[in-house]
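Good morning, colleagues. Please have the sequence and the model open while I speak.

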Amino acid sequence: MRLNETPVLRVKNLIVRYGDGCPACQENLDKNRCALCGAIWAANDISLDVYPGETLGIVGESGSGKTTLMRSLYFDFTPTSGVATLRDHKDGQENIWGASAAERRMIRNIHMGMVYQNPALGLRMDYSAAANIAEKILAAGGRNAGQMTGRARELLEAVEIMTSRMGETPKNFSGGMRQRVQISKALANSPALLLLDEVTTGLDLSVQARVLDLIRKIKARHGISILLVSHDLAVVRMLADRTIVMLDGKIVESGLTDQILEDPRHAYTQQLVHSLI
Amino acid sequence: MNKNYNFAFLDEGSKREIRRASLKAVAIPGYQVPFGSRELPIGRGWGTGGIQLTLSLIGPDDVLKVIDQGSDESVNAVNIKKFVGLCADVKTTTDTREATLIQTRHRIPEIPMTNDQILVLQIPIPEPLRVVEASEEATKRMHAEKDYAPIWLELYESLVKYKRIAIATEYPCMVEERHVMNPGPIPKFDNPKLHDAECLCLFGAGREKKIYAVPPHTKVVSLAFDDVPFERESFAGKRCRLCGSAHTYLDETFDALTGEKVYQCSDTSYCKEARGQCV
């Protein structure tokens with residue numbers, strides 16, 4: 001983690017609101033819903049930085065806005081307002097949410113990799129594992145089939161999937177294997193930022209441990225920055241350098257992971273930490 | 001000619017609309033132009049797109065040839081020829097060189113066409129991206145943004161599965177480095193004939209209500225990877241059993257008497273000409 005360098009990702013004042021909203025929304029929020037107009041503030045003024053080589057954890061209960069933040073960054077959702085800049089896109093000078101469709105595609109495929117909680121969102125289940133990885137390279141303009149196959153082989157080996165199975169579709173794979181194929185796909189173009197959305201949710205404990213161990217290895221090997229969403233504090237403790245706690249669409253606490261876990265300040269964080277113990 | 005109908009069956013307004021769509025298609029090679037596909041006395045899927053193009057373009061001095069799977073005598077070809085003959089009273093032919101307008105299904109004639117001829121192709125599915133994306137809205141956006149990664153993925157998946165690109169017909173091609181186009185259900189053997197062709201090629205899809213075009217001397221490149229070049233079907237070592245041609249697209253048939261596979265030219269008029277018979 002290099003906090004003195006330019007952040008790989010900088011998010012400022014992200015708002016994702018469903019409904020028109022009203023001038024009195026902020027004073028009348030019941031959790032994240034305006035009691036007057038009914039607008040939902042799924043992400044409410046979120047700002048964060050992710051530094052080179054850093055893993056930033058985001059924790060919070062279901063509906064706290066973690067996935068909304070991640071999928072807004074990956075252009076799955078359109079934010080209501082806010083600015084996000086990437087160090088590797090136009091020297092961090094342009095808001096990626098204002099980029100053209102073609103630029104967004106390039107950002108998605110070259111500068112970022114995403115691993116969804118549900119593999120069906122991140123993988124084409126009817127295409128082979130090799131083709132799933134090649135998809136990212138093709139989207140970035142790659143047109144050499146041999147090189148794509150070589151890259152797919154290398155990445156599948158790295159996530160401990162037998163290359164003899166690279167021609168099989170993810171439909172034939174277990175949940176853990178699907179997540180590992182997703183990780184390979186996310187790394188296909190060596191992005192500077194990896195977005196991991198509840199990657200271990202729904203996996204059994206031994207598989208969870210393998211996936212987490214794999215992510216640690218990837219981070220060590222590639223020095224990649226990671227934005228990690230989880231509702232599981234144990235996962236965050238294992239991987240994150242710094243942690244943000246979200247509640248009802250807002251950031252309620254942030255700091256070094258150890259600090260958050262050892263000395264939580266916000267009542268909700270204290271509740272979270274105590275539930276872990 | 002049946003005098004109860006307008007010349008070439010369609011009313012003049014309909015013909016003008018189809019001609020306007022054709023002109024737009026010529027102006028933007030490979031781009032699918034929507035048009036108001038008319039009802040015809042044959043069912044959708046039987047070449048209504050091609051027929052509407054033919055009827056909107058044909059004049060009293062034109063000479064029409066219609067082929068289906070390379071044959072001048074198949075049911076589809078004969079019926080279309082009869083229909084146009086009934087309502088336009090134009091001369092019909094089986095000779096590729098004599099025709100000014102050739103309507104075809106599944107083949108491009110073996111004899112190179114010239115700049116005073118028009119080739120009309122009947123197209124069932126005009127959208128080359130349909131195999132990878134079901135939504136019309138999404139495919140339109142993909143064309144607009146030149147987002148063709150999914151069709152490349154389809155080719156790559158074929159390589160993974162079969163160690164070669166196993167797409168025999170509707171092999172996608174890039175037109176003027178801008179639009180990926182479905183050349184229709186022609187064998188990929190015929191794809192190179194579209195590149196830098198002398199004649200105007202018009203593609204009509206009646207059911208899907210789209211017209212698109214490859215004007216003369218247009219760059220049409222079949223998609224291929226840097227290290228896996230495009231390959232046509234190979235008939236190496238095989239010859240037409242009738243004319244002996246070894247460089248044409250051959251149909252594989254079965255000789256019930258000898259039990260052997262035999263091959264013959266798919267383009268029947270070419271085959272007849274090669275044998276020195278009157279076409």
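How many helices and strands does the secondary structure of chain A come to? The secondary structure of chain A comes to 10 helices and 11 strands, where helices (H or I, at least four residues) and strands (E, at least two) are DSSP runs numbered from the N terminus. Chain B has 7 helices and 12 strands.

Two remarks on conventions come before the details. This is a predicted model, in which local features need pLDDT of at least 70 and side-chain atom pairs count only at pLDDT 80 or more, while totals for chains, interfaces and linings use all residues. Residues are numbered from 1 along each chain as its sequence is written, chains are lettered from A and ligands numbered from 1 in the order in which they are written, and side-chain values use heavy atoms, with hydrogens and water left out.

Let me begin with chain A as a whole. For its 277 residues, a compact globule would have a radius of gyration near 19 Å, and chain A has 19 Å, which agrees; this radius is taken over C-alpha atoms, and the globule rule is 2.2 Å times the number of residues to the power 0.38. The C-alpha trace spans about 60 × 45 × 40 Å along the principal axes of chain A. Buried residues make up 53% of chain A, where buried means under 20% relative accessible area, exposed over 50%, and partly exposed in between (1.4 Å probe, protein chains only). Of the contacts in chain A with a separation of 6 or more, 68% are between residues 24 or more positions apart; contact means heavy atoms within 4.5 Å.

Chain B can be described in like manner. A compact globule of 279 residues would have a radius of gyration near 19 Å, and the 19 Å of chain B agrees with this. Its C-alpha atoms fill a box of roughly 60 × 55 × 30 Å, taken along the principal axes. Of the 279 residues of chain B, 53% count as buried.

I turn now to the place where the chains meet. Here, 19 residues of chain A are in contact with 17 residues of chain B. Together the chains bury about 1,600 Å², 60% of it on carbon and sulfur atoms; buried area is the accessible area (1.4 Å probe) that two parts lose on being put together, summed over both. Which residues of chain A lose the most area to chain B? They are A:Arg105, A:Tyr127 and A:Arg143, which together supply 38% of what that side buries.

Two helices of chain A deserve attention next. In helix 4 of chain A, 11 of the 11 residues are buried, so this helix is largely enclosed by the rest of the structure. Among the buried residues are A:Asn132, A:Glu135 and A:Lys136. The buried residues of helix 4 pack against helix 2 (101–111), strand 7 (112–115), helix 5 and helix 6 of chain A, together with helix 5 of chain B. After helix 4 comes A:Gly141, whose phi is positive, near 105 degrees.

Helix 5 of chain A (residues 145–158) has 14 residues and reaches 20 Å from its first C-alpha to its last, close to the 20 Å expected at 1.5 Å a residue; the expected span is 1.5 Å times one less than the number of residues. Its buried residues are A:Ala145, A:Met148, A:Arg151, A:Ala152, A:Leu155 and A:Leu156. Seen down the axis of helix 5, these fall within an arc of 130 degrees, so they line one face of the helix; the arc is that of the directions from the helix axis to the C-beta atoms. Their cover includes helix 4 (129–139) and helix 6 (175–186) of chain A, together with helix 5 (149–162) of chain B.

A:Leu123 lies between helix 3 (119–122) and helix 4 of chain A, and counts as buried at 5% relative accessibility. Apart from residues up to four places away in sequence, A:Leu123 touches A:Asn132, A:Pro170, A:Arg178, A:Val181, A:Gln182 and A:Lys185.

Finally, consider helix 3 of chain B. Its buried residues include B:Ile80, B:Phe83, B:Val84 and B:Cys87. Helix 3 of chain B is followed by B:Asp89, whose phi is positive, near 55 degrees.
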